[in-house]
Amino acid sequence: MKDNIEIIRDFYAALAAEQAPRALALMADDIEWTTMWQYKAEGRGPQKVAEGVLMPMMKEWREVAFVPTEFIAQGAAVVSLGVFNGVHGATGKSAEARYAHVWTVVDGRIASFRQYIDTLAVAEACA
């Protein structure tokens, strides 16, 4: 069985490969997804994450990458530190925003996600 860090690495790899179904399959059926920017999962579950977060983000941004640089794990919790890179579709401006993602993995599936990101860097690319 994969350890919790490997599961989170698999999630980032699925996003990088533009394989949303693979990323969604790593989530628990009742995943709770919390973000600091305009994309919100209205309710719980992978479909809510896809509809409220992943699809709108991919529609608005190009060349999106979440690049984890460090992982810290204890028990069910995994913290990934890294950098979000993307080009805003409407403005053509690039964003480089540092983030901390806090994951909870239970029984080999992602049960919750909390995002902390440099919202100013993202906002400046949108304006």
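Val102 of strand β4 (residues 94-106) stands opposite Arg114 in β5. The model is predicted, with local features requiring pLDDT of at least 70 and side-chain atom pairs counting only at pLDDT 80 or more, while totals for chains, interfaces and linings use all residues. Residues are numbered from 1 along each chain as its sequence is written, and side-chain values use heavy atoms, with hydrogens and water left out. Strands (E, at least two residues) and helices (H or I, at least four) are DSSP runs, numbered from the N terminus; strands pair if DSSP finds at least two bridges between them.

Turning to the pairings, β4 and β5 (residues 109-117) run antiparallel and are joined by eight bridges. Their hairpin has two residues between the strands, and Asp107 takes a positive phi near 55 degrees there. Strand β3 (residues 77-88) also pairs with β4 in the antiparallel sense, over eleven bridges. Val79 has Val102 as its bridge partner in β4, and Val87 has Ser94. The hairpin of β3 and β4 has five residues between the strands, and Gly92 in the turn shows a positive phi of about 75 degrees.

These pairings belong to an open sheet of five strands, ordered β1-β5-β4-β3-β2, with mixed pairing. At the edges stand β1 (27-34) and β2 (61-74), each with a single partner strand, so one side of each is left without a neighbour in the sheet. From one strand to the next, the twist averages 25 degrees. Helix α3 (residues 46-60) packs on the sheet, touching β1, β2 and β3, and its direction makes about 55 degrees with that of β1. Contact here means heavy atoms within 4.5 Å; axes are lines fitted to C-alpha atoms, for helices over the stretch in contact, with angles running from 0 to 180 degrees between N-to-C directions.
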